[in-house]
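Dear colleague,

Please find below the structure you are taking over, with its sequence. My notes on what was found in it follow.

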Amino acid sequence: MNVLKFGGTSVANAQNINLVIDIISKASQKDNIAVVVSAFGNTTNMLLKTAELAAVKDEYYKSLLKEIENRHIQVVKDLIPVTEQSAIISHTKRLLNYLETLYEGCYLLRELTSKTLATIASFGELLSSFIISEVMASRQLNSVYKDSRELIITTESYETAQVLMKVTQENCRTFFKANDKQIVILPGFIAATEKGETTTLGRGGSDYTAAIIAAAVDAKELQIWTDVSGMYTANPRIVKQATPIPHISYQEAMELSHFGAKVIYPPTIQPVLHKEIPILVKNTFKPEQEGTRISKNPNGKQRAVKGISYIENISLLTLEGSGMIGIPGFSKRLFETLLAEQINIILITQASSEHSICIGINDKEASKAKIAIDETFAYEIASGKVDPILVEQQLAIIALVGENMKNHQGLSGKMFSMLGKNNVNIRAIAQGASEKNISAVINSEDAKKALNALHEEFFEEKVKQLNLFVTGVGNVGERFLAQLQQQQKYLREQLKLNIRVIGISNSRTMLFEEEGINLDKWKTLLSKGVKADLEKFREQVKSLNLRNSIFIDITASHEVSKIYGQYLQHNISVVTCNKIACASEYGNYQHLKQISQKYNAPFLFETNVGAGLPIIDTLKNLIASGDRIHKIQAVLSGSLNFVFNNFSNENTFHDVVLQAQKEGYTEPDPKIDLSGVDVARKILILARESGYILELDDIENNSFLPKETLETDTNEDFYTSLKTHEAHFQQIFKEANDKDCRLKYVATFEDGKAKVGLQHIPSDHPFYNLEGSDNIVLFFTDRYVAQPLLIKGAGAGAEVTASGIFADVIRIGKF
Ligand code: ADP
Ligand code: ASP
Ligand code: MG
């Protein structure tokens with residue numbers, strides 16, 4: 001015989017019940033079966049909610065009850081032929097009427113005892129099992145209905161009753177021995193005391209019902225049919241990359257379910273374990289999928305870590321005090337106090353100094369526990385031997401599970417360094433001596449990130465996911481997204497990086513898509529996004545709390561540059577081509593670098609100097625390897641280089657600048673380039689990255705622009721002024737031309753001082769042949785003395801700047 005259990009979602013409506021009937025009829029052709037069913041999906045929750053409302057005299061309970069009633073009647077109408085409906089509908093209504101009188105009782109008495117709650121909750125399974133059994137009968141299946149309350153006998157703790165195994169097993173054996181039908185259908189979850197009062201086996205308890213029956217009748221197999229394809233490496237709702245575990249041992253399954261893998265109710269495994277009856281977890285909606293087989297000795301190659309689970313709503317209680325050291329009996333009294341209050345302990349840790357004991361319990365019981373423990377230790381607290389108990393709430397326990405972990409070294413090291421890398425603060429750690437489980441207590445809000453990061457580390461090992469949030473999608477931003485889209489496949493396959501864009505914003509609208517924005521149509525999606533708001537964007541990035549999050553600034557905005565710190569301190573990396581932050585006061589630059597280090601969030605700005613050229617990265621490598629920078633000489637403005645390479649006595653300065661702007665070489669405000677401010681910012685950043693403390697004001701800037709041009713406020717005035725002063729610019733050209741020199745805007749850093757300005761470059765100088773919008777940098781260092789280290793190439797333009805940003809993202813991927 002086999003036992004099949006179908007969960008709430010599997011029987012949630014007529015359509016699903018049809019699938020269930022198919023599975024049952026196929027299974028019953030091979031062997032006799034017992035079918036255990038849950039209440040129709042969510043009914044138990046509704047039943048309990050209705051009771052709570054009735055007990056506080058909230059009339060809304062009547063509407064909820066009506067909803068429950070309609071739902072059940074509807075399933076009868078959908079599945080039973082009209083001619084057979086009336087008897088079934090009247091029995092269903094009889095059950096519902098009885099339920100209604102129970103609610104009326106609660107309403108009148110304003111009372112809700114545990115006993116009443118259990119009786120009310122039992123109606124979910126009573127109704128579902130009755131209706132499904134009638135559907136089977138109407139389809140001529142060889143079946144019989146049996147009320148589990150006649151078989152499963154429990155103690156009188158009504159809602160989570162303990163099963164009296166001996167009598168229960170005898171009842172089951174006697175019944176099944178006498179039974180001659182192929183299919184027996186029974187309600188899960190419900191049982192009765194010896195006096196015949198209704199009890200329940202705890203939320204999720206239908207699995208347990210099925211296991212008890214399977215063990216009693218020595219079933220060949222216990223099948224748990226649910227809404228996912230087995231027991232997964234982590235909860236598939238939270239970790240999208242999780243996959244079903246094909247084979248797992250009883251011990252591992254028990255450990256995972258105790259630590260929150262709701263797919264199996266924890267007590268379920270115990271009864272079948274002794275009989276070595278395998279449990280098969282299958283998906284009602286995809287019955288062809290293999291599912292998970294839980295058995296004593298699972299087949300195939302076994303991973304060290306089988307799964308990762310977590311439990312929410314944890315409180316950590318810490319009993320601490322110097323008076324505890326070396327004195328026996330503290331823990332005994334602590335645990336006895338909790339036992340007396342019937343509080344379940346989920347996790348315990350005690351440091352070997354015996355100076356403190358930490359226990360994890362359910363949040364709901366925290367205040368009751370505190371009162372009781374403080375009372376137990378009142379004398380010690382008063383005399384200062386121990387402190388009043390410390391309660392921390394809203395925590396979660398996250399656990400790695402696997403029987404084989406004991407044979408592998410370094411797993412806990414890997415676990416904690418991964419959590420550390422993701423800035424997940426660990427409040428307590430517990431590892432059983434058997435090493436089947438390593439648990440860490442963390443903040444609830446970090447649970448999702450931690451689960452995903454650990455899953456990536458232990459199960460996806462090879463592919464790392466980066467989550468990008470991009471602000472500014474003008475020229476450069478657009479190119480960046482296009483490059484990313486083109487390379488996504490390559491990055492995944494070759495670099496094992498899965499890069500997803502989760503958020504995009506321009507100055508008008510913003511868009512978020514937790515599963516990754518479709519880069520084929522980001523423009524259309526963004527245009528339909530919500531109104532852009534820097535602060536809301538940041539809030540959203542923070543609340544999504546995804547691991548490996550990267551904020552990318554592709555604007556030239558002051559406002560955006562001011563909030564990098566707030567990203568970094570939430571462990572969100574920042575990549576920017578915006579120079580404002582790194583060229584602001586030294587203190588701010590330094591602060592950003594410090595918090596980047598403290599919170600493990602890279603802060604990269606390669607494109608601040610020389611667009612996509614690897615200038616800052618090279619500089620960092622020189623410094624990291626012990627070299628020292630003495631002098632930097634550079635042409636760092638792609639736009640100025642373009643302007644002076646094209647300007648001659650055959651055109652006008654005004655037209656050349658305008659062309660440079662049109663081709664995307666200048667900042668949105670071209671005066672920032674022409675005045676030399678942009679170059680000054682760049683040399684400042686290089687000097688700072690070389691380890692020197694410098695401010696923008698310390699840089700000598702010999703601007704070639706007339707004073708009046710420098711003082712214009714708008715782009716329009718600026719261009720008009722260029723026209724007015726054409727003679728001035730022609731004079732500059734002539735002076736250089738007469739000496740056979742070219743004009744280059746040169747930045748120099750030497751002896752701790754920096755300056756920028758226009759220079760006459762003779763033909764034998766390495767800067768002379770610098771074409772188009774190219775940049776060049778010469779580093780003179782301890783190691784590069786006579787011949788400087790030279791980096792040269794395109795230093796402006798959307799495509800190369802985008803690729804520089806891209807390179808920073810990949811650097812973070814390898815971090
Ligand atoms: P049923 O109603 O069939 O008893 P449950 O809702 O009790 O179903 O359990 C199935 C759910 O358990 C899944 O939908 C999933 O959200 C959750 N779950 C949590 N952890 C895991 C895990 N490790 N593997 C599979 N499912 C899990
Ligand atoms: N219906 C019960 C519950 O929701 C039992 C179960 O579905 O397993 O808890
Ligand atoms: Mg369940």
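A polar contact is taken here as a pair of N or O atoms within 3.5 Å, and within protein one of the two must be able to donate a hydrogen and the other to accept it, while residues adjacent in sequence count only if both atoms are side-chain atoms. Please bear in mind that this is a predicted model, in which local features need pLDDT of at least 70 and side-chain atom pairs count only at pLDDT 80 or more, whereas totals for chains, interfaces and linings use all residues. Residues are numbered from 1 along each chain as its sequence is written, chains are lettered from A and ligands numbered from 1 in the order in which they are written, and side-chain values use heavy atoms, with hydrogens and water left out.

The protein chain is divided into domain 1 (2-226), domain 2 (307-445), domain 3 (464-609) and domain 4 (615-796), with bounds that come from an automatic or database domain assignment. Between the C-alpha centres of domain 1 and domain 4 there are 80 Å.

Ligand 1 is surrounded by 16 residues, of which Thr226, Asp227, Tyr232, Arg237 and Lys262 are the closest; a residue counts as near if one of its heavy atoms lies within 4 Å. Oxygen atoms of ligand 1 are found 3.0 Å from a polar backbone atom of Gly8 and 2.9 Å from a polar side-chain atom of Asp227, and a nitrogen atom of ligand 1 is 2.8 Å from a polar backbone atom of Tyr232. Taken alone, ligand 1 exposes 570 Å², and the protein buries 91% of that (accessible areas by the Shrake-Rupley method with a 1.4 Å probe; for residues, only the protein chains shown count as cover).

Around ligand 2 are Ser38, Ala39, Thr44, Glu125, Phe189, Arg203, Gly204, Gly205 and Ser206. A nitrogen atom of ligand 2 lies 2.7 Å from an N or O atom in the side chain of Thr44, while oxygen atoms of ligand 2 are 3.5 Å from a polar backbone atom of Gly205 and 3.1 Å from one of Ser206. Of the 260 Å² of accessible area that ligand 2 has on its own, the protein covers 86%.

Domain 3 (464-609) and domain 4 (615-796) both give residues to the lining of the second largest pocket, so this pocket lies between them. A pocket is an open set of points on a 1 Å grid over the protein atoms alone where a 1.4 Å probe fits, with protein on both sides within 12 Å along at least five of seven lines, and lining residues have an atom within 4 Å of a point. Its lining has 47 residues, with Ile554, Thr555, Ala556, Glu667 and Pro668 nearest the centre.

Best wishes
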